[in-house]
Amino acid sequence: MFSTRRAVLGMAAGTLLGQAKPRVKDYTLWPVRATSRTVWLIVQLQTDSGISGWGEASDAFGFASTSAAQAREMQQQLAAFVALMQGRSCLDIAHYRKMGEPLARAGGLTAATAYSAVEQALWDLTGQTLGVPAYTLFGGPIRDQIPLYANINRATTDRSPAGFAASARQAVAEGYRALKAAPWDGYPKITADHGTACTQAIRAAVGPAIEVMVDVHSNFTVEEAVRVAKQLEPVGLRWYEEPVAPAQVAETVAIARRIRQPIAGGEFLFGVHGFLPLCRENAVAVIMPDVKHCGGLLAMTHIAAMAEAHGISVAPHNPSGPVATVATLHAIAGLRNCEILELQWGEVGWRGELLQPTEPIQAGKAEIPKRPGFGISWNERLARKHRL
Ligand SMILES: [Mg+2]
């Protein structure tokens, strides 16, 4: 009986081990122009078996739009990271992380973003190769869907209180129960009080049942941040994001001690080491790793585990295109301390159709895809039509 069982196990293992693993061969960068402010950089990682994995490398060049020259710079950065895997099995992700992480850490945000895009694509490929959704590789899901909050900032071109209120009302009408804006963009040209008035207008427009968050984009000093937070107490913010830069840990702690709102932040930090100071000092209540910059899916789960040990929740930064959104869904499917995900709201109607099947988003929620890998394929025709 023992020998029969061993034979069966051996056969199963032999089948898996004997199977040819797709080897990484080449890559293509797809730059897609969404709006005047938004370009999505989508990475296709090709293998010798014909299957492709997908990753996203957007938003590495600041909050302004990405230029064609910057897209070429990303193309260069990607070459160095793809080279680490050339000819290797797409399942060798630990090897990729060991070789790539030091380069990513030394190379700044652009390198970290290129590294993270390839990491994403490797999980997609591994899931496809093994015939399981990518989230299975991180222990399986604890949810089928996750609430999305609408980041209404980029879609709000009328930057007056009435303009923010109109976007907020529209997002709520579409089914979103949580919203975020960054009404201090352009500070100090626009005043702190103007941003405060926009935030108050959002609350007045949507009523008390909707969650409202604001992102200061690191515009304030400690004193300015405290003054504005006190003004905003009646608004009842779910969080107050990056009043100062996340690298200013002591300043963030100083603000957190003096205000009532939870602080969120960390969107451009890399790896567990990058997030360690904010966690160790309990500087934030909500940490915001971005799958495009933090090192990818496995890094996100490690950062979330470290945050959990410090009583900090995770709300991934995701003002991204559809590929990073699906990658994030697979990374957070099994995370206990993650309750909400960002979505860049109201940009272009064809966004969802870049993926086949269509991006799994409706009425303020995202469904976690159950097909192998990320469960997506790329609409090349549409991507060509909107090529940067
Ligand atoms: Mg932010």
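## Domains and basis

The protein chain is divided into domain 1 (22-132) and domain 2 (136-376), with bounds that come from an automatic or database domain assignment. Their centres, taken over C-alpha atoms, are separated by 23 Å. In domain 1, 34 residues are in contact with 36 residues of domain 2, where contact means heavy atoms within 4.5 Å.

This is a predicted model, in which local features need pLDDT of at least 70 and side-chain atom pairs count only at pLDDT 80 or more, while totals for chains, interfaces and linings use all residues. Residues are numbered from 1 along each chain as its sequence is written, and side-chain values use heavy atoms, with hydrogens and water left out.

## Magnesium site

The magnesium ion has Asp215 (OD), Glu241 (OE) and Glu267 (OE) as its protein donors, at 1.9 to 2.0 Å. Donors are N, O and S atoms within 2.8 Å of the metal (3.2 Å for Na, K and Ca); water is not among the atoms, so sites may look incomplete. Along the chain, the donors follow the spacing D-x25-E-x25-E. Asp215 in strand β6 (residues 211-215) and Glu241 in strand β7 (residues 239-241) are 26 residues apart, and the pair links distant parts of the chain. Helices (H or I, at least four residues) and strands (E, at least two) are DSSP runs, numbered from the N terminus.

Asp215 is buried at a relative accessible area of 3%, and Glu241 is buried at 0%. Buried means under 20% relative accessible area, exposed over 50%, and partly exposed in between (1.4 Å probe, protein chains only).

## Nonpolar cores

A nonpolar core is a set of buried Ala, Val, Leu, Ile, Met, Phe, Trp, Tyr and Cys residues joined through side-chain atoms within 4.5 Å. The largest one has 117 residues, of which Ile152, Leu179, Tyr240, Ile287 and Trp378 touch the most other members. Helix α4 (residues 108-130) supplies the largest share of this core, 10 residues. At least three residues come from each of domain 1 (22-132) and domain 2 (136-376).

Not counting residues up to four places away in sequence, Ile152 touches residues including Phe164, Leu179, Ile202 and Trp345. A second, separate core of 9 residues includes Tyr149, Trp239, Ala264 and Val286.
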